[in-house]
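Please look first at the sequence and the structure shown here.

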Amino acid sequence: MKNDLKQLVDEHIHQHRAPLINAIVVYQNDKLIFERYFNGFARGRKNAIKSVWKSLLSLCVGICLDEGLIGDVSDPICKYLAAFDENEHAYHKLIRVEHLLTMSSGIYWTSGTHYHCPMLEQMWLSEDWVGHVADTAMKTLPGQAFVYKEWDVVLLSAIIRKVTGMPSYDFCEQTLFGPLGIESERWAEDKKGVSYSIHNGDAVEDASNLSAFDLAKIGRLVLNKGVFEGKRIVSEGYIHQLMTPSAVNRDYGYLWWLLDDGVGAKGSGGQEINVIPAEDLVYVIQATSTSSPKSYFDLFELVRQWLKDA
């Protein structure tokens, strides 16, 4: 079984000239059924996960909600972040936690090209990232439009810092990574202890490196409605909400992308966790990132179809 799928995967990668793929891991019915490595990768070797980090942070927000540290997703963020409670902008007090989870805060954002983002570079120069974001202009009313941006996850990380008394990295390590047996490099922090997944030295460097097996654990947690190997990590209710289309984007939930029949965490360069509940399927792919976006979703569909036909 594995050899047949291995041949199919290898042929597909060769035909489509996809030399940057490093690892593929597939679980079905909570059992490992396929793993394949390229470019010298092996079990345990880590890869930058890019924006998959946002989906991990969503799970940390869910844990904060479960523990009552965050009251409700309808809470205004000014309840937790003083910089948004200073009447600097009329819209600030309208921004709610759910707006951050659904990328609809309304704060102005424009992305750069080839991983060069001037707006982020300006933030790196600040010792107070939340203050910097609070000084950024508002473009629309909160909850009005979906704009995929870094500001909203920076603010969620700051809220976790406020309600837990620790950087979001430490909270994630204690409540998510620890129980799942995941080890990660420490995320970057500003002077106030607000974590973010990358830091800026001579170049932007990803600090959230995980193995394909680490990401498969995250996928299995979501597939099993917040339970990992018999232990409840995050509530079933939050997992359900995470997989529910938002009002501003039917293809997006709480920092997770929605598939036709499942949910996915995606990072630039081809990093993917795809979860298909009806098929009890978790599929992970990792690849070396480049300056241009890539997707290997066709390979996932190939593997998925092979499993259906097997």
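The structure is a predicted model. The protein contains 10 helices and 14 strands. Its C-alpha atoms occupy a box of roughly 65 × 40 × 35 Å along the principal axes. How does the radius of gyration of the protein stand against that of a compact globule? For 310 residues, such a globule would have a radius near 19 Å, and the protein has 19 Å, so the two agree.

When contacts between residues at least 6 apart in sequence are considered, 65% of them join residues at least 24 apart. As for burial, 55% of the 310 residues count as buried. The accessible surface comes to about 13500 Å², and 48% of that surface belongs to carbon and sulfur atoms. Among the charged side chains, 30 are positive and 40 are negative. The centres of these two sets lie 2 Å apart.

The interior may be considered next. In soluble globular proteins, nonpolar side chains tend to be buried together. In this protein the largest nonpolar core has 88 residues, and those with the most contacts inside it are Leu59, Phe84 and Leu176. Helix H2, which spans residues 52-66, provides the largest share of this core, with 10 residues.

Which residues does Leu176 contact, once its neighbours within four places in sequence are left aside? They are Leu56, Leu59, Cys60, Ile63, Phe171, Ile218, Leu221 and Ile233.

Ala287 belongs to strand E14, which covers residues 281-287. Is Ala287 buried or exposed? Its relative accessibility is 0%, and therefore Ala287 counts as buried, the limit for that class being under 20%. Beyond residues up to four places away in sequence, Ala287 touches Leu20, Ile21, Asn22, Asn47, Gly269, Gln271 and Tyr296. Thr102 lies 185 residues from Ala287 in sequence, and their C-alpha atoms are 26 Å apart in space.

Gly237 is located in helix H9, residues 236-242. Gly237 is partly exposed because its relative accessible area is 48%, a value that falls between the limits of 20% and 50%. Between Gly237 and Gln7 there are 40 Å from C-alpha to C-alpha, with a separation of 230 residues in sequence.

Most residues other than glycine have a negative phi. Lys225, however, has a positive phi, near 60°. This residue, Lys225, sits in the loop between helix H8 (212-223) and strand E9 (227-228). With a relative accessibility of 47%, Lys225 counts as partly exposed. Asp280 likewise has a positive phi, in this case near 50°. Where is Asp280 found? Asp280 lies in the loop between strand E13 (271-276) and E14. Its relative accessible area is 34%, so Asp280 is partly exposed.

Terms used:
Residues are numbered from 1 along each chain as its sequence is written. This is a predicted model: local features need pLDDT of at least 70, side-chain atom pairs count only at pLDDT 80 or more; totals for chains, interfaces and linings use all residues. Side-chain values use heavy atoms; hydrogens and water are left out. Helices (H or I, at least four residues) and strands (E, at least two) are DSSP runs, numbered from the N terminus. The radius of gyration is taken over C-alpha atoms; the globule rule is 2.2 Å times the number of residues to the power 0.38. Buried means under 20% relative accessible area, exposed over 50%, partly exposed in between (1.4 Å probe, protein chains only). Contact means heavy atoms within 4.5 Å. Accessible areas come from the Shrake-Rupley method with a 1.4 Å probe; for residues, only the protein chains shown count as cover. Lys and Arg count as positive and Asp and Glu as negative; His and the chain ends are not counted. The place of a charge is taken as NZ of Lys, CZ of Arg, CG of Asp or CD of Glu. A nonpolar core is a set of buried Ala, Val, Leu, Ile, Met, Phe, Trp, Tyr and Cys residues joined through side-chain atoms within 4.5 Å.
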